[in-house]
Every structure is written in structure tokens, then in C-alpha cells.
Amino acid sequence: MPVAYVILKFVQGLLPQLMIMIYASNSADLQTAINTAKRLEGGLSLVIQHQNAYSLEEKVAQLSKQLLAMQG
């Protein structure tokens with residue numbers, strides 16, 4: 001089975017957010033594609049955590065404003 005085909009099948013099984021980046025990386029072998037996917041997945045996880053934390057902080061600020069408005 002050609003390496004390019006194996007890599008393509010691997011890419012097709014990834015999260016949609018990672019597919020284009022791994023495919024575009026044009027990895028020479030499957031292990032390189034896997035390593036790249038792991039690094040990108042870790043980075044994506046960090047971004048999602050940051051977005052969730054920011055969103056939570058924003059909601060807390062909005063609720064605090066609402067409470068202050070209700071109190072006075």
C-alpha cells in the first residue's frame with residue numbers, strides 16, 4: 001500500500017480542525033504525520049481551554065454587572 005494512501009486514510013480519521021493542517025504538512029511518512037497531529041491536537045486543546053476560560057470570565061463579569069444593577 002503506498003505511503004501517501006496510508007497517510008491520507010490517517011488524515012481522514014482526524015478531527016476536522018486538524019485534517020487540513022496535517023494534509024498540508026505533506027508528511028513523508030506515517031510516523032511524522034502522527035507526531036504532527038499529536039502536537040497540533042495539544043495546541044488545539046490549549047486554545048479550547050483558553051476560550052472556555054475566557055468565556056467563563058466574561059459570563060461572570062456580565063452576571064456581576066446584572067447583580068449590581070439589581071442592587072442599586
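## Basis and secondary structure

Helices (H or I, at least four residues) and strands (E, at least two) are DSSP runs, numbered from the N terminus. The protein contains three helices and zero strands, and its elements follow the order α-α-α from the N terminus on.

This is a predicted model, in which local features need pLDDT of at least 70 and side-chain atom pairs count only at pLDDT 80 or more, while totals for chains, interfaces and linings use all residues. Residues are numbered from 1 along each chain as its sequence is written, and side-chain values use heavy atoms, without hydrogens and water.

## Overall dimensions

The C-alpha trace of the protein spans about 70 × 15 × 15 Å along its principal axes.

## Burial and contacts

Of the 72 residues in the protein, 14% are buried, that is, under 20% relative accessible area with a 1.4 Å probe and protein chains only. Contacts (heavy atoms within 4.5 Å) between residues at least 6 apart in sequence join residues at least 24 apart in 29% of cases.

## The N-terminal segment

Pro-2 is located in the segment before helix H1 (3-12). Its relative accessibility is 58%, so Pro-2 counts as exposed, the cut-off being over 50%. The C-alpha atoms of Pro-2 and Gln-49 are separated by 37 Å, and the two residues are 47 residues apart along the chain.
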